[in-house]
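Please study the sequence and the model before reading the solutions.

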Amino acid sequence: MGEHYDVIIVGAGLSGVGAAHHLRTRCPDRIFTILESRAVMGGTWDLFRYPGVRSDSDMHTLGYAFRPWEGAKAIASGPSIREYIEKTAREGGIDRHIRYGHRVTGASWSTPEARWTIEAATAEGAATLTCGFLYMCSGYYDYERGHSPGFAGSETFAGRIVHPQFWPDDLDYAGKRVVVIGSGATAVTVAPEMTKYAAKVTMVQRSPTYVVSRPAEDKIANWLRGKLPAKLAYGATRWKNVLMGMFFYRMTRKRPAKVKAKLLDLVRDHLGPDYDIATHFTPRYNPWDQRLCLVPDADLFDAIKTGRLEVVTDTIDRFTETGIRLSSGRELAADLIVTATGLEVKLLGGVTPVVDGEPVDIAKALQYKGMMFSDVPNLAFVFGYTNASWTLKADLVAMYVCRLLNVMKKRGVRQATPRIGTRPVTPEPFVAFSSGYIQRAADRLPKQGNRKPWRLNQNYALDIMALKFGSVDESMEFSNAAAGRGRAAA
Ligand SMILES: Cc1cc2nc3c(=O)[nH]c(=O)nc-3n(C[C@H](O)[C@H](O)[C@H](O)COP(=O)(O)OP(=O)(O)OC[C@H]3O[C@@H](n4cnc5c(N)ncnc54)[C@H](O)[C@@H]3O)c2cc1C
């Protein structure tokens, strides 16, 4: 049998590096390692290389609670976020704990041994490690495969077809006619950026998304940074943005029609009264039924105003040798087609946990406090908010995991298992979101319940109460195999 660790973290992205920091500071006696399938850390912020790649939420909430974001731009570039993760790992000595080229392929829990056996694929062959607690920070999508709906005639297109997840280093699009397919965060990022060099960019969308412009630089944040110590200024800006985000989200739930009208007015302010906002920027759903698209300093609208970026709302009939034919009959000539058609959701890095010989169907499990699963011992996962920055949740999950580990140590128990118990709970979909990537994965996602602690809070304030202060005994069975099972609190 291979090496044993108290905790194995899977993934060295934003969440995994943050998790390691929390473990080192809150559970300094725990021995851990990070298994990372790629050759570098950073996850999303290293993988995605398309032109203009950036955050679409502010770095004061996408940054870690424990490490101020010191960049002038609140909406930050992909490489600057990667550097932030790398710096965090380097300065905290976390980088020494990362084992690259270890793709976790299996995880089996044994109750008698109170440990996970982890199988990983490496260049040298299969590796086996064991751990007391498995902490999945493997993100939420497939790294090997992006989503592509499969367009008829794509093999006939004479130019190049590129998915933003796999942007080629050698791609020169200067002076070229580009068609970007999509209307999500990636499409609205890449289209205006490519417009700077391409002859013409056409963004083809089946249906529109809400697009909101925000200044790339947060003036208040930068002013506070000049006046207060870095940590204090960061904390103040973080809370300002959290509260503003929560207020805005609440308004979209309470008064969707009013918020919708306001958002469309803002687009009209940018594009003028003659632009066809009804067709191109008026979604069929209410704000925040899907993720809103944020554009920094109105770059998308400015690019449209130059006349070199056109938004077309139509469906694609087929690819042709020279471009794309739309259902309306219109032909779009293209030298390059960018399929910004989304991600393939993949939970737990594609691993099916096995508990005492039984494979766990995660789609049938109930999530517990947004970070564990019913009847799966000693396993936590990170899945960030859909309506706020990912890291707000990742930090809270890390704090909870550390609390749980410390309680287990103090009580001398080796196993912690969320149990539903006898009180009825009704399963519901994991995320109430109509976005394509969530809908496509609905049958693979776990369920949430209709009551605490099985209900997923898409709300940072409620999660602070649940994860930072809430009892770790709530619906949690603590046990030791030798001593027999403990009792779950109601
Ligand atoms: C283009 C893009 C922009 C985004 N912008 C924002 C934003 O502005 N705000 C926001 O809140 N969210 C955003 N997100 C969501 C984003 O993924 C999270 O914010 C955050 O980066 C997730 O960090 P993570 O560490 O949890 O996952 P990831 O960044 O996906 O990292 C996961 C890591 O786990 C590794 N891994 C996966 N499976 C295995 C395995 N089986 N074995 C070993 N290692 C494995 C991967 O190689 C990777 O390094 C964006 C996502 C994308 C794709």
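Ala, Val, Leu, Ile, Met, Phe, Trp, Tyr, Cys and Pro count as nonpolar, Asp, Glu, Lys and Arg as charged, and the others, Gly among them, as polar. The model is predicted: local features need pLDDT of at least 70 and side-chain atom pairs pLDDT 80 or more, while totals for chains, interfaces and linings use all residues. Residues are numbered from 1 along each chain as its sequence is written, and side-chain values use heavy atoms, without hydrogens and water.

**Exercise 1.** Determine how the lining of the second largest cavity divides by class.

*Solution.* The lining consists of Ser15, Gly18, Ala19, His22, Tyr64, Tyr135, Val382, Thr391, Ala394, Asp395 and Ala398. Sorting these residues by class gives six nonpolar, four polar and one charged.

**Exercise 2.** State whether Cys137 is buried or exposed, and find its nearest cysteine sulfur.

*Solution.* A disulfide needs two cysteine sulfur atoms within 2.5 Å; the count by this rule is zero. Cys137 is in no disulfide, and the nearest cysteine sulfur, that of Cys402, is 11 Å away. Cys137 is buried (under 20% relative accessible area, with exposed over 50% and partly exposed in between; 1.4 Å probe, protein chains only), because its relative accessibility is 6%.

Conventions
1 Å grid on protein atoms, 1.4 Å probe; cavity = no way out; pocket = protein on both sides within 12 Å on 5 of 7 lines; lining within 4 Å.
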